[in-house]
Amino acid sequence: MGNRNSLLFFILVLMCHGVTLTMGLWRKHDDVETMFLMKNSKSVVKTDAGEMRVLESYGDAKLMERRLHIGFISMEPRSLFVPQYIDSSFIIFLHEGEAKLGFMYRGKLAERTLKMGDVYRIPAGSAFYLVNIGEGQKLHIICSIDPSEAVGVGTFQSFYLGGGANPASVLSGFGTDILEAAFNVSAEEVRKMFTRQHEGPIVNLDQQDTGLWSKFLQLKDEDKLQHLKGMVLDQQEEDFDDEDNDGQEEEKQRVWSWRKLLDSVVCDELKKAWNPNKGMGKKPPHICNLYDRAPDFINSHGWSVAVDGSDYSPLKMSGVGIYHVNLSAGAMMTPHMNPMATEYGIVLRGSGRIQIVFPNGTNAMDAEIKEGDVFFIPRYFPFCQIASKDQPLEFFGFTTSASKNRPQFLVGATSLMRTMMGPELAAAFGVSEETMRHMVDAQHEDVILPYPHHQDHNKEVVEVDTIPKLIRNAMVLGW
């Protein structure tokens with residue numbers, strides 16, 4: 001009997017320690033009130049022609065199985081994000097405007113025209129450029145940034161192919177004699193090539209000083225390819241995936257056209273950053289448009305759409321899913337949790353409220369949200385979103401899994417509570433089965449429900465384990 005009591009005491013202490021550890025890991029941040037808010041946006045690129053800002057993800061590695069950063073790209077009409085490659089995979093979502101994306105695929109240049117709602121993947125290490133082709137319209141892109149392949153310099157590292165004084169081309173670091181030999185031109189021509197650009201990574205195509213980029217975009221595809229090959233490592237193998245060859249993954253090693261040159265000047269650590277590729281198809285992947293998809297769930301209170309690797313095969317390569325939710329004014333997405341992934345959300349339109357709950361049943365965040373706010377919800381943590389009574393709440397985001405997320409709804413007509421209804425559940429709450437069944441069966445709606453806004457939650461503020469305010473990120477979206 002004594003041994004049994006000792007064992008029970010040990011288990012109780014262990015459980016209490018686990019809860020304390022979990023709470024401590026999250027509450028060790030200096031600003032406890034914003035632990036699930038991605039704030040402190042950082043401008044990584046800013047010119048007269050556009051800007052890219054990044055919100056860096058945080059969280060203890062023991063609780064966050066994977067981190068994503070969220071980026072916002074805004075570009076003026078007739079502007080170009082110059083050719084570059086990046087040490088992190090990007091999933092781009094075109095929120096407003098129209099763009100042309102050029103990228104290297106199997107040693108050839110491919111181009112895609114993107115419109116509002118389009119989603120596309122840019123693998124780490126793949127050369128690309130972006131052009132705002134919308135007539136008189138700004139371009140706004142939201143992207144997820146996967147730092148798992150990063151070389152560890154800042155949030156992510158861009159390697160600019162074209163450039164001069166600003167930005168500096170990665171080729172500028174090579175000696176003039178090497179560049180003379182590589183380009184097969186004179187030293188004077190090399191000097192002119194690498195000193196002309198000074199407008200920054202995002203340039204206005206109508207500016208006289210950046211006329212070389214306008215000329216580049218007017219070239220035929222094969223001429224553009226030769227131009228890029230002249231400046232850049234030619235990636236014969238890209239890790240784009242082709243939906244026509246889904247499941248036929250074959251590892252292939254990237255081949256650098258300047259292998260001998262790079263072997264002599266690039267350290268082994270940098271070369272290891274570029275991982276072997278899988279699943280190449282003969283054609284570049286198609287475009288996935290989030291706005292063209294039928295909702296996975298819809299009722300009179302709102303709808304939701306989710307896209308995973310089975311819907312759009314390039315997502316498998318990044319291990320990232322995407323989603324889009326619209327709650328009607330006065331609607332609530334019932335309390336639920338994600339068993340597969342951490343969720344990142346960006347409010348696109350409207351306003352509302354979000355609640356997140358700690359594992360020990362205390363409130364972690366209860367905050368008002370509006371357009372421009374960015375939040376994240378760790379895997380397993382219960383949460384819910386509520387639209388304001390006088391306007392809808394629309395949000396888009398990324399999940400850290402390309403598998404079907406299958407969120408578990410805790411309350412509602414097809415919830416865990418309804419499915420697990422029985423004497424065991426009643427005993428867990430310490431009530432009769434009849435009482436329990438009455439509670440569980442009272443809700444006839446599912447997933448997205450009406451919310452009684454006449455109960456003003458601001459009149460009853462819980463002081464312990466709550467976050468009363470959300471610091472705004474409207475300046476990040478800014479449109």
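Me: Why does tyrosine 291 count as partly exposed?

Reply: In this predicted model, tyrosine 291 has 33% relative accessibility; buried would require under 20% and exposed over 50%, so the residue counts as partly exposed.

Me: What makes phenylalanine 93 buried?

Reply: The relative accessibility of phenylalanine 93 is 0%, and because the limit for buried is under 20%, phenylalanine 93 counts as buried.

Me: How do you know whether the rings of phenylalanine 90 and phenylalanine 156 are stacked or edge-to-face?

Reply: Their centres lie 5.5 Å apart and their planes stand at 80 degrees; a pair needs centres within 6.5 Å, and planes over 60 degrees apart count as edge-to-face, so this pair is edge-to-face. Phenylalanine 90 sits in strand β5 (residues 89-96), whereas phenylalanine 156 belongs to the loop between β10 (139-146) and β11 (158-160), 66 residues apart.

Me: Why are phenylalanine 90 and phenylalanine 156 called buried?

Reply: With the cut-off at under 20% relative accessible area, phenylalanine 90 at 3% is buried, and phenylalanine 156 at 11% is therefore buried as well.

Me: What makes the pair of phenylalanine 93 and tyrosine 291 edge-to-face?

Reply: The ring centres of phenylalanine 93 and tyrosine 291 are 6.0 Å apart, with planes at 90 degrees; since the pairing limit is within 6.5 Å and the edge-to-face class begins over 60 degrees, the pair is edge-to-face. Phenylalanine 93 lies in strand β5 and tyrosine 291 in the loop between β13 (288-289) and β14 (297-299), so the contact ties together parts that are 198 residues apart in sequence.

Me: Which residues have the most contacts inside the largest nonpolar core, and from where does its largest share come?

Reply: This core has 90 residues, and those with the most contacts inside it are Met52 and Phe398. Strand β18 (residues 343-357) supplies its largest share, six residues, while domain 1 (38-229 + 254-268) and domain 2 (293-450) each contribute at least three residues. In soluble globular proteins, nonpolar side chains tend to be buried together.

Me: What is the predictor's confidence over the chain, and where is pLDDT under 50?

Reply: The mean pLDDT of the protein chain is 77, and 70% of its residues reach 70 or more. Residues 7-22 stay under 50, and there the model has three contacts beyond four places in sequence. The pLDDT is also below 50 over residues 231-279, a stretch that has 121 contacts in the model beyond near neighbours in sequence.

Methods:
Residues numbered from 1 in each chain as written. Heavy atoms only, no water. Core = buried A, V, L, I, M, F, W, Y, C linked by side-chain atoms within 4.5 Å. Buried < 20%, exposed > 50% of the residue type's maximum accessible area, 1.4 Å probe, protein only. Helix = DSSP H or I, 4+ residues; strand = E, 2+ residues; numbered from the N terminus. Domains from an automatic or database assignment. pLDDT = per-residue confidence, 0-100. Contact = heavy atoms within 4.5 Å. Phe/Tyr/Trp six-rings, centres within 6.5 Å; stacked < 30°, edge-to-face > 60°.
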